[in-house]
Amino acid sequence: METSIAPLSIAPAWQELKSHYAKIRERHLRQLFAENPQRAEQMTAEGVGITFDYSKHRITEETVRLLLQLAEASGLRSRIDAMFRGEKINVTEKRAVLHIALRAPKEQSIVVDGENVVPKVHAVLDKMAGFSTRIRRGDWKGHTGKPIRNVVNIGIGGSDLGPVMAYEALRHYSQRELSFRFVSNIDGTDFAEAVRDLDPEETLFIVSSKTFTTLETMTNARTARDWALKTLKQPAAVAKHFVAVSTNAEEVSKFGIDTANMFEFWDWVGGRYSMDSAIGLSTMIAIGPENFRDMLGGFHEMDEHFRTAPFERNLPVLMGLLGLWYNDLFGAQTIAVLPYEQYLKRFPAYLQQLTMESNGKHVQVDGTNVAHQTGPIYWGEPGTNGQHSFYQMIHQGTQLIPCDFIAFAQPLNPLGRHHDLLMANVFAQAEALAFGKTPEEVRAEGIPDWLAPHKTFEGNRPSSTILLDRLTPAALGKLVALYEHSVFTQGAIWNIDSFDQWGVELGKALAVRIIPELESEVEGNLKHDSSTNALIRRYRKSKKRIDHE
């Protein structure tokens, strides 16, 4: 597709936005709310069951107009259309970007290289549903005839973070007779602790690797095979206790997995966008095919909203533009994601890969350097836990940290006053961040002058409040897609490729080179920098000493 967009730094819309920022950057939210009694109504957008209140941001209606103008001038609309048409907008890898096809209805047509990919997607979903149902009903038996009671997902990156997050988020809907574990780290402790109390006769491993050659995943998979066969003895048992999510049938078969139990996905699915593909097999086993399809339905609703809603009412566009406003104008380097829902405890970690692997880029699609900040750092913890740790810095620290508060009006586990207390904290924290507490208000409470500065809150700390009715599978799909498309929005305006991840390659390549140097008993001639050489020698010396103890 055409990518010759003028650099952001010289675009007239950008220059106009910068001039506007200089005029309003010192304006306080107390003043902005006092000037406009209708501000909350005017700066709240609703769509697909999500209320997005962005009134507590350091913006005016003119700011919003200029941000929307920047989006239009950056060709965001054409980039959205190109993605939905199946064009190869991942330019460095010459691939289409079609996670949207993973949740498209059967009747929809999305064409890649002349082929409608939607029927293939639904064929895999149907295969996943059949397999999941057999596990959930106890019809799938292990090698010794026992039903499966434990499912261990082995993956890394998007093949782990998505399934972990989705399982934790939707645990309320999971089949409790089954236990689920997730192994990703090449650190042997991760595997050892995951299987410590499991019975191999009742355990199924899902090995998720597109190429079936990923170092961490296949190291853990081979360890899992050895662990299982120590009890099961017969190599034929592998076919009853291992399935694969992959595209490499030859390697899958070599491992001992029946290729009839291989679930496919495609090169137009990026790892961090794959939780609703076959990578989500563990999710489907946990919550069942019907709930999984409800989750896909939520994804699709947000996809259609992003594709069709005018930018001034488009939730992902507004979210993405606000993030850009703070990142590039205010110089804010992080965004805190604060879900007031315990089931979403892994959601910030999931977003770290989605956002930072996508937009942590220093060159534009044409290879020239960007002249502005890209990809902010995403982090967070569930409320109210975070209030008793890092909120101190958000309220009174020297750094500006925009916040996303995520909350649900209806609890999944109603217990006494718990939910009212939880929601009171959501609203109170956003209010406190915005308006703070002036020195005059502090002194009026009888606080002595020497203590007043410590109890003063300057406020003017921006936040969004994202409110939904209830955490359902569909709601989770909507939330994930909201952030996916917000990332896309920012990448389009920055004119970067949000869908490659070359930054993960160098360290991996160097590790492959270092592995034999660590395992060799011959001193050898190390050819790294002096620090790396010294560390390798120190490690080998320590390892040798332990081996001889």
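## Exercises on a predicted model

**Exercise 1.** Which residues bring helix 7 and helix 15 together, and how are these two helices oriented to each other?

*Solution.* Start with the contacts: Gly158, Leu161, Gly162 and Met165 on the helix 7 side meet Phe347, Ala349, Tyr350 and Gln353 on the helix 15 side. Sort those residues by class and you get five nonpolar, three polar and no charged. Keep in mind that we're working with a predicted model here.

Next, look at the axes. Helix 7 covers residues 158–169 and helix 15 covers residues 347–359; their axes come within 9 Å and cross at roughly 150°. Angles over 145 degrees count as roughly antiparallel, so that's the label for helix 7 and helix 15. To finish, the crossing of helix 7 past helix 15 is left-handed.

**Exercise 2.** Now try helix 5 and helix 13: what is their orientation to each other?

*Solution.* Helix 5 (residues 76–85) and helix 13 (residues 289–308) have axes that come within 10 Å, crossing at roughly 140°. Check that angle against the cut-off: roughly antiparallel needs over 145 degrees. Helix 5 and helix 13 are therefore oblique.

Then list who touches whom. Arg77, Ile80, Met83 and Phe84 of helix 5 meet Asp303, Glu304, Phe306 and Arg307 of helix 13. By class, that contact has four nonpolar, no polar and four charged residues.

**Exercise 3.** Where does Pro7 sit, and is Pro7 buried, partly exposed or exposed?

*Solution.* Pro7 lies in the segment before helix 1 (12–24). Its relative accessibility is 32%, so Pro7 counts as partly exposed. For a sense of distance, go 21 residues along the chain to His28: the C-alpha atoms of Pro7 and His28 are 31 Å apart.

Notes
Residues are numbered from 1 along each chain as its sequence is written. This is a predicted model: local features need pLDDT of at least 70, side-chain atom pairs count only at pLDDT 80 or more; totals for chains, interfaces and linings use all residues. Side-chain values use heavy atoms; hydrogens and water are left out. Axes are lines fitted to C-alpha atoms, for helices over the stretch in contact, and angles run from 0 to 180 degrees between N-to-C directions. Helices (H or I, at least four residues) and strands (E, at least two) are DSSP runs, numbered from the N terminus. Angles under 35 degrees count as roughly parallel, over 145 as roughly antiparallel, 65 to 115 as roughly perpendicular and the rest as oblique. A crossing is left-handed if the near helix is turned anticlockwise from the far one by less than a right angle, and right-handed if clockwise. Contact means heavy atoms within 4.5 Å. Ala, Val, Leu, Ile, Met, Phe, Trp, Tyr, Cys and Pro count as nonpolar, Asp, Glu, Lys and Arg as charged, and the others, Gly among them, as polar. Buried means under 20% relative accessible area, exposed over 50%, partly exposed in between (1.4 Å probe, protein chains only).
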